[in-house]
Amino acid sequence: MRRRLAALVLSAALPLSLAGCFGLGEATDVASDVADAASSLADQAEEAADALSSVEWGKLSRAVILDASTGEQVAEITDQAAIEAAFEPLSGVNGVAARPDEAQEEYVIELWQPSTALLGQDASDVEEVKVLEVVTYEGSDTLGVRVPLVGISLYLSAQEGTADALRALAG
């Protein structure tokens with residue numbers, strides 16, 4: 001909500017500050033473009049927050065860590081406390097970012113949870129669903145976040161130590 005308010009304030013203030021630099025029509029166009037970009041960024045941040053809040057951390061069955069360059073499984077974590085501890089910083093304040101320049105993907109961490117059991121369905125028949133993928137980048141605190149079920153993909157400038165906590169899951 002604060003980001004959306006900031007975008008609105010910025011879009012209102014920009015035409016005033018740019019009017020002296022450009023013709024009034026050009027300033028309005030520039031301000032409109034900036035406001036559209038800020039609104040899009042705010043929407044992405046809101047989608048990310050919604051996606052992360054929709055993950056039921058207590059219901060996760062496992063985290064699968066893959067080497068991003070080979071696709072080979074490096075580790076599988078089923079300890080709920082370890083998964084929650086590594087991902088807990090994502091619940092804090094993280095900013096939307098661009099993909100890290102020239103940084104290679106390091107690990108892909110898949111989070112799985114059981115799908116919802118239907119009435120009368122045996123618990124052994126419930127399949128797992130991949131609810132989140134997080135990508136770490138070599139030497140970077142930026143994380144790639146993908147929510148496969150709804151098709152959201154974005155990059156987060158994570159709090160210091162978050163990427164390292166996720167890398168530690170690889171062992």
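Colleague: In which strand is Thr 142 found, and is Thr 142 buried or exposed?

Modeller: This is a predicted model, in which local features need pLDDT of at least 70, side-chain atom pairs count only at pLDDT 80 or more, and totals for chains, interfaces and linings use all residues. Residues are numbered from 1 along each chain as its sequence is written, and side-chain values use heavy atoms, with hydrogens and water left out. Thr 142 belongs to strand S6, residues 142-147 (strands, E, are DSSP runs of at least two residues, numbered from the N terminus). Its relative accessible area is 12%, so Thr 142 is buried (under 20%; exposed is over 50%, partly exposed in between; 1.4 Å probe, protein chains only).

Colleague: How do the rings of Tyr 137 and Tyr 155 pair?

Modeller: There is one aromatic pair (ring centres of Phe, Tyr or the six-membered ring of Trp within 6.5 Å; planes under 30 degrees apart are stacked, over 60 edge-to-face, the rest tilted). The centres of Tyr 137 and Tyr 155 are 6.2 Å apart and the planes stand at 55°, so the pair is tilted.

Colleague: Which parts does this pair tie together?

Modeller: At 1% relative accessibility Tyr 137 is buried, whereas Tyr 155, at 26%, is partly exposed. Tyr 137 lies in strand S5 and Tyr 155 in strand S7 (residues 152-157), so the parts tied together are 18 residues apart in sequence.

Key. Helix = DSSP H or I, 4+ residues; strand = E, 2+ residues; numbered from the N terminus.
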